[in-house]
Amino acid sequence: MTGDLFDASAIDGAVRVALSEDAVLLRGRALPVAEALLSAIRTVADAAPFRRMVTPGGFQMSVAMTNCGSAGWMTDRKGYRYTADDPQTGAPWPAMPAVFLNLADAAAAEAGFPGFVPDACLINRYEPGARLSLHQDKDERDYAHPIVSVSLGLPATFQFGGPNRADPVAKVPLTHGDVVVWGGAARLHHHGVLTLRNGEHPATGRTRFNLTLRRAM
Ligand code: MD3
Ligand code: FE
């Protein structure tokens, strides 16, 4: 079933919410592998530590980031781009954990995008006070591929707009274990995350993680 924001249906035990045409929220879809995902995040961050990057405009982001996969997203004064190596260590970004690949492939298929093979995963770490202003993800080579996002830890309010920056914005709570698949028409929609509220989560403490699995190259 697809339609408006509140059109939810249970299919195969997972609760699906159509956020818009081609954007599907699979509530709790990552819960069975949440501990495995968190363990893999720690392994990635041991090799490629979280850092707060600087935008081309010179502002330090409030969200701390790292990457895994054959490409990783970065920003500095020179611009936004994907690189094969972590500029901080000079080493290639850590390999994509199998648990990331398997979840991304399964969730994309359930949302109608079979055969999704991500080559990049940006890992965002939010602490209370961190936010991500409204933006589009357009540094990838081919927008035909979907993006799969996975939320872990503290809840956040996600903002979801349209193709134009001035389009009206819907607010959607994203909680521990939620997976969203963005493809087709939704792939270039504006989106952001409101300032993270203070809180404590049993699995992550005072932290929210978000994985975005992408086909960058
Ligand atoms: C809609 N991350 O890393 S995930 C990002 O919660 C990013 O950290 C947010 O936006 C976060 O770029 C939101 C949801 C998301 C991710 C990618 C999208 C929504 C999207 C791409 C196209 C449209
Ligand atoms: Fe984004």
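This is a predicted model: local features need pLDDT of at least 70, side-chain atom pairs count only at pLDDT 80 or more; totals for chains, interfaces and linings use all residues.
Figure 1. When residues up to four places away in sequence are not counted, T207 touches R125, Y126 and E127, together with L152, G153 and L154.

**Figure 2. The protein as a whole.** The secondary structure of the protein comes to 2 helices and 14 strands, and its C-alpha trace spans about 45 × 40 × 35 Å along the principal axes. Of the 217 residues, 53% count as buried, while the accessible surface comes to about 9,800 Å², of which 55% belongs to carbon and sulfur atoms. Among contacts between residues at least 6 apart in sequence, 71% join residues that are at least 24 apart.

**Figure 3. The largest nonpolar core.** In soluble globular proteins, nonpolar side chains tend to be buried together. Here the largest nonpolar core holds 33 residues, and the members that touch the most other members are L37, I41, F100, I123, V150 and L213. Two or more residues come from each of the helices α1 (34-47) and α2 (98-110), and likewise from each of the strands β3 (23-27), β4 (64-69), β7 (120-126), β9 (147-153), β12 (179-182) and β14 (208-214). Helix α1 gives the most to this core, with 7 residues. Apart from this core lies another one, of 30 residues, which includes M74, F158, V172 and V193.

**Figure 4. L213 and its surroundings in the core.** L213 is one of the members of the largest nonpolar core that touch the most other members. With neighbours within four places in sequence left aside, L213 is in contact with M96, F100 and A104, with F116, P118, A120 and C121, and also with P146, I147, V148 and V150.

**Figure 5. The iron site.** Which residues coordinate the iron ion (ligand 2)? The donors are H135 through NE2, D137 through OD and H191 through NE2, at 2.0 to 2.2 Å, and in sequence these donor residues are spaced H-x1-D-x53-H. D137 lies in the loop between β8 (132-135) and β9, whereas H191 belongs to strand β13 (residues 191-193), so the pair ties together parts of the protein that are 54 residues apart in sequence. Both D137 and H191 are buried.

Figure 6. A disulfide is a covalent bond between the sulfur atoms of two cysteines, and a search of the whole structure finds 0 of them.

Figure 7. S70 counts as exposed because its relative accessibility is 54%, whereas A71 is buried, with a relative accessible area of 1%. Not counting residues up to four places away in sequence, S70 touches T83, A84 and D119. Although S70 and A120 are 50 residues apart in sequence, their C-alpha atoms are 6.2 Å apart in space. With neighbours within four places in sequence left aside, A71 is in contact with Y82, T83, W93, D119, A120, C121, A216 and M217. The C-alpha atoms of A71 and D86, 15 residues apart along the chain, are separated by 9.2 Å.

**Figure 8. D22, a residue with a positive phi.** Where is D22 found? D22 is found in the loop between β2 (14-20) and β3, and its phi is near 70°, a positive value in a residue other than glycine. With a relative accessible area of 30%, D22 counts as partly exposed.

Conventions:
Residues are numbered from 1 along each chain as its sequence is written. Chains are lettered from A and ligands numbered from 1 in the order in which they are written. Side-chain values use heavy atoms; hydrogens and water are left out. A nonpolar core is a set of buried Ala, Val, Leu, Ile, Met, Phe, Trp, Tyr and Cys residues joined through side-chain atoms within 4.5 Å. Buried means under 20% relative accessible area, exposed over 50%, partly exposed in between (1.4 Å probe, protein chains only). Helices (H or I, at least four residues) and strands (E, at least two) are DSSP runs, numbered from the N terminus. Contact means heavy atoms within 4.5 Å. Donors are N, O and S atoms within 2.8 Å of the metal (3.2 Å for Na, K and Ca); water is not among the atoms, so sites may look incomplete. Accessible areas come from the Shrake-Rupley method with a 1.4 Å probe; for residues, only the protein chains shown count as cover. A disulfide is a pair of cysteine sulfur atoms within 2.5 Å.
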